[in-house]
Amino acid sequence: QSGPEILNNPLFNKFTAFKSGERDRLKFRGLLPPRRVNMKIQKERVLQEIRAEPSMIRKHIILEDVHDRNETLYHRILVDHMVEMAPIIYTPTVGQACKEFAMRYRRPRGMYFCEEDRGHMAAMVYNWPEKDVHVIVVTDGSRILGLGDLGANGMGIPIGKLSLYCAAGGIAPHRVLPVVIDVGTDNEELLNDKFYLGVQKPRLQGSKYYHLVDEFIQAVRHRWPNVLIQFEDFSSDKAQKLLNKYRDDILCFNDDIQGTGATTLAGVLGALRAKGELPTSLGDQRILIAGAGSAGIGVAQVLYQAMLEHGRSEEEAKNCFFIADEKGLLGTERLDQLSPEQAMFARDTDGGLTLNDIVKKYKPTMILGMTAVGGLFSEKLIRDMADHCERPIIFPLSNPTIKAECSAEQAFEWTNGKCIFASGSPFDPV
């Protein structure tokens, strides 16, 4: 590549940082202003623009504009200022960015696969210009954060997640691929939106859905046999089934089930240490999980496995869990309505108990929220926990921030500063 091709390719474009010799050799002398401005000064200019903007979504747009023209500068900013930039490129801002995706669509990024592509995917993957893809983050847009079905607008999630992987994980930007498998949408607003860029049909279900996903999996693995495929923000009724189907045969990972579970386990073990307890005391806890979807059950599975590793029996480990959905505590009387993973944690008694009743009767030592119901943890609920637990562990993990079950300020206020708190989205210091 040379000349305008490089200047229009964000992977290679250094903008005004090109030296005089490079401008001659690459044939774009005269195509840039004469003064060479290095990456450091370019970064300072972008940071000044971002910090002067009060709106988080505007900050996001500024950063994505840089992403679209100069990936070296973009990732330099992320690496040097990760704490400041992570909430801008990912949660909580990415939720709004996804909702507005069609209206602010500027430049193609990633790949889209839909039902019309059936039979063509093995050839389509060769349209992607990079030959050495190591990581694919794929979503079907059915459960974007706590916002629900956003269809093709969910592309913002794989883009944002891979930006974090490149900056924090050291993966080269040309070795990642964001993907949307567009199987339609059941979101009436999107079905009637003339600006929506995805398939405006109801979502595929049953065998048609799974055959489409399978063709995609086979196509990308044919071109990149060693690629890691990360499933991201699939709805609860699909997420576990897809993971179970592929986990023993290909290199894959579900972030909502396994990633959330691993991160929560690390947080819980850290919280136990903060209480002065050993990690092996995990099996002594009474754990209330609000939310029985892929995230809630995924977290329960990881905590359960950790208890077994610590020497607890299966029965002892299961008895630590109280998992509730919108119908109350999971009970064996609902086995015909539960998935196998949910059924594993169903209790023989008290099925249907509300969160408040569970707290009163079983006195949990920690509560984990994965419901995407903002404000679900009431003052009474948290105060009741604090009455029977000296240092309750409170983790409202839903995102974006508006979907968190309670805020940091509320948790500390209602427990008189005694709780150990962690959340799935950032809050201002308390």
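**Exercise 1. Determine how strand 4 pairs with strand 5, and which residue of strand 5 is the bridge partner of Phe231.**

Solution. Strand 4 (residues 228-231) and strand 5 pair in the parallel sense, over three bridges. Two strands count as paired if DSSP finds at least two bridges between them. Strands (E, at least two residues) and helices (H or I, at least four) are DSSP runs, numbered from the N terminus. The bridge partner of Phe231 in strand 5 is Asn254. Helix 13 (residues 255-274) packs on the sheet and touches strand 4 and strand 5; contact means heavy atoms within 4.5 Å. The direction of helix 13 makes about 75° with that of strand 5. Such angles run from 0 to 180 degrees between N-to-C directions, with axes fitted to C-alpha atoms, for helices over the stretch in contact.

The model is predicted: local features need pLDDT of at least 70 and side-chain atom pairs pLDDT 80 or more, while totals for chains, interfaces and linings use all residues. Residues are numbered from 1 along each chain as its sequence is written, and side-chain values use heavy atoms, without hydrogens and water.

**Exercise 2. State the strand order of the open sheet of five strands, and explain which strands stand at the edges.**

Solution. The order is 1-3-2-4-5, with parallel pairing. Strand 1 (111-114) and strand 5 (252-254) each have a single partner strand, so one side of each lacks a neighbour in the sheet. On average, neighbouring strands of this sheet are turned by 25° against each other, direction ignored.

**Exercise 3. Describe the two faces of strand 6 and name the strands joined to it.**

Solution. In a regular strand, side chains alternate between the two faces of the sheet. Four bridges join strand 6 to strand 7 (residues 321-325), in parallel, where Ile289 stands opposite Ile323. Four bridges also join strand 6 to strand 9 (residues 366-369), again in parallel; there, Ala290 has Gly369 as its bridge partner.

**Exercise 4. Identify the buried and the exposed residues of helix 3.**

Solution. The buried residues are Met39, Gln42, Lys43, Val46, Leu47 and Ile50. They cover an arc of only 135° around the axis, and therefore lie on the same side of helix 3; the arc is taken from the directions from the helix axis to the C-beta atoms. The buried residues of helix 3 pack against helix 4 (56-69), helix 5 (71-80) and helix 6 (82-89). The face turned away from the buried side carries the exposed residues Lys40, Gln48 and Ala52.

Terms used
Buried < 20%, exposed > 50% of the residue type's maximum accessible area, 1.4 Å probe, protein only.
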